[in-house]
Amino acid sequence: MSWKLNPDRPVYVQLIERITTDIIAGIYPPGSKLPSVRDLAQTAGVNPNTMQKALSEMERTNLVYSQRTSGRFITEDLSMIDDLKTELASEQIKEFLEKMEKIGLSKEDIIGLINKVSKEEKK
């Protein structure tokens, strides 16, 4: 099944975001081997050259590294992965707060609503 990609944004950027999210979520654990470029491209429904570009960019940030004859692997640097997780979560929270403030909620209202919804979900 293809990944849902937005035609309004560069595809390779979306691939980087998706693979990074999969790493943070533990789908690709630290130190594990990534599927081949062709396999990932087929899964994503993109051209292998586009996937190659995304993976090369990820290598540049050291999130992924390659071993010449063995393929690409996820970093074993857990602090890097935790930092990425915190950064991604912060971005999502900022976007959420901006959207809630646009509809007229104060930060206190938002926190109260989050607490209310959280309690309801526990039931």
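How much space lies in the largest pocket?

1. The pocket. In this predicted model, the largest pocket holds about 480 Å³ of space. Its lining is made up of 19 residues. Nearest the centre of the largest pocket lie I16, E17, T20, T21 and L88.

2. Origin of the lining. Helix 1, helix 3 (48–60) and helix 4 are the elements that each give two or more residues to the lining of the largest pocket. Helix 1 supplies the largest share, 7 residues. By class, the lining residues divide into 6 nonpolar, 6 polar and 7 charged.

3. Helix 1 against helix 4. The axes of helix 1 (residues 11–24) and helix 4 (residues 78–102) come within 10 Å and cross at roughly 115°. This crossing is left-handed. On the helix 1 side, the contact involves T20, T21, I23 and I24; on the helix 4 side, I81, L84, K85 and L88. The residues of this contact comprise 5 nonpolar, 2 polar and 1 charged.

4. L88. This residue lies in helix 4. Leaving aside neighbours within four places in sequence, L88 is in contact with T21 and I24. The C-alpha atoms of L88 and T50 are separated by 23 Å, with the two residues 38 apart along the chain.

Note on methods
Residues numbered from 1 in each chain as written. Predicted model: local features only at pLDDT ≥ 70, side-chain atom pairs only at ≥ 80, totals over all residues. Heavy atoms only, no water. Axes fitted to C-alpha atoms, helices over the stretch in contact; angles between N-to-C directions. Helix = DSSP H or I, 4+ residues; strand = E, 2+ residues; numbered from the N terminus. Left-handed = near helix turned anticlockwise from the far one by under 90°. Contact = heavy atoms within 4.5 Å. Nonpolar A, V, L, I, M, F, W, Y, C, P; charged D, E, K, R; others polar. 1 Å grid on protein atoms, 1.4 Å probe; cavity = no way out; pocket = protein on both sides within 12 Å on 5 of 7 lines; lining within 4 Å. Points joined across faces, edges and corners; volume = space filled by probe spheres on them.
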